Amino acid sequence: MTIARIIEGRRGAEVISCDSNDTMREAVALLAEKRIGAVPVMRGGSVVGIFSERDVIYKLANEGEACLNRPLADVMTAPPITVETTSLINEALALMTRRRIRHLPVMENGAMVAFISIGDLVKYHTDEVEHEAEALREYIQTA
C-alpha cells in the first residue's frame with residue numbers, strides 16, 4: 001500500500017506550516033494552538049525543513065530563552081527527509097524508524113501535498129491488520 005492511500009481524504013486540504021522567516025516563538029505558539037508536534041517550514045512555496053518539539057527542547061537546553069527570537073531557518077531540522085505519494089507505507093515506517101523521526105512531508109511532482117506523522121502510518125497499518133484478521137475469522141466461520 002502506498003502513502004497516497006493514507007492521504008487520499010486530505011487532498012486539497014491546507015497543510016499547517018510556517019515560513020522560514022517566522023520566529024521560533026511564533027512556531028511554538030502555533031504548535032501549542034494546533035496541538036501538533038511538528039510543522040513543515042516553507043520558503044518560496046518549497047519545503048526547506050521541519051520544526052518539531054524536539055527542536056524546541058534542544059535549542060532551549062543549549063541556548064536558553066534567547067533562541068525563541070531566532071528565525072526558523074536557523075533552528076529547524078534541514079534538509080527535510082521526504083517521501084513520495086508512491087512510496088510504500090512499510091518503507092516510510094522503516095525510514096522513520098531508521099532516521100528516528102516522526103513526521104514526513106509527502107511530495108508529488110516536486111511539491112508538498114501532505115504532512116504525515118508516524119501515528120498516521122501506524123493507525124493505517126493497524127486498521128489493515130484488524131481488517132485482515134476479521135476477514136480470516138469470517139472465512140474460518142463459513143468454511
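Reader: What makes S3 mostly covered?

Author: The model is predicted, so local features need pLDDT of at least 70 and side-chain atom pairs count only at pLDDT 80 or more, while totals for chains, interfaces and linings use all residues. Numbering starts from 1 along each chain as its sequence is written, and side-chain values use heavy atoms, without hydrogens and water. In S3, 6 of the 7 residues are buried. Buried means under 20% relative accessible area, exposed over 50%, partly exposed in between (1.4 Å probe, protein chains only).

Reader: Why is serine 52 called buried?

Author: Its relative accessibility is 12%. The cut-off is under 20%. Serine 52 therefore counts as buried. Serine 52 lies in strand S3, residues 46-52. Strands are DSSP runs of E with at least two residues, helices runs of H or I with at least four, numbered from the N terminus.

Reader: Which residues does serine 52 contact, leaving aside neighbours within four places in sequence?

Author: Leu31, Gly37 and Ala38. Contact means heavy atoms within 4.5 Å.

Reader: How do you know that S2 and S3 pair?

Author: Pairing needs at least two bridges found by DSSP. Strand S2 (residues 38-43) and S3 have 6, in the antiparallel sense. Methionine 42 stands opposite valine 47.

Reader: Which residues of helix H5 are buried, and why are they on the same side?

Author: Ile89, Ala92, Leu93, Leu95 and Met96 are buried. They cover an arc of only 160° around the axis, so they share one side of H5. The arc is taken from directions from the helix axis to the C-beta atoms. On the other side, Thr97 and Arg98 are exposed.
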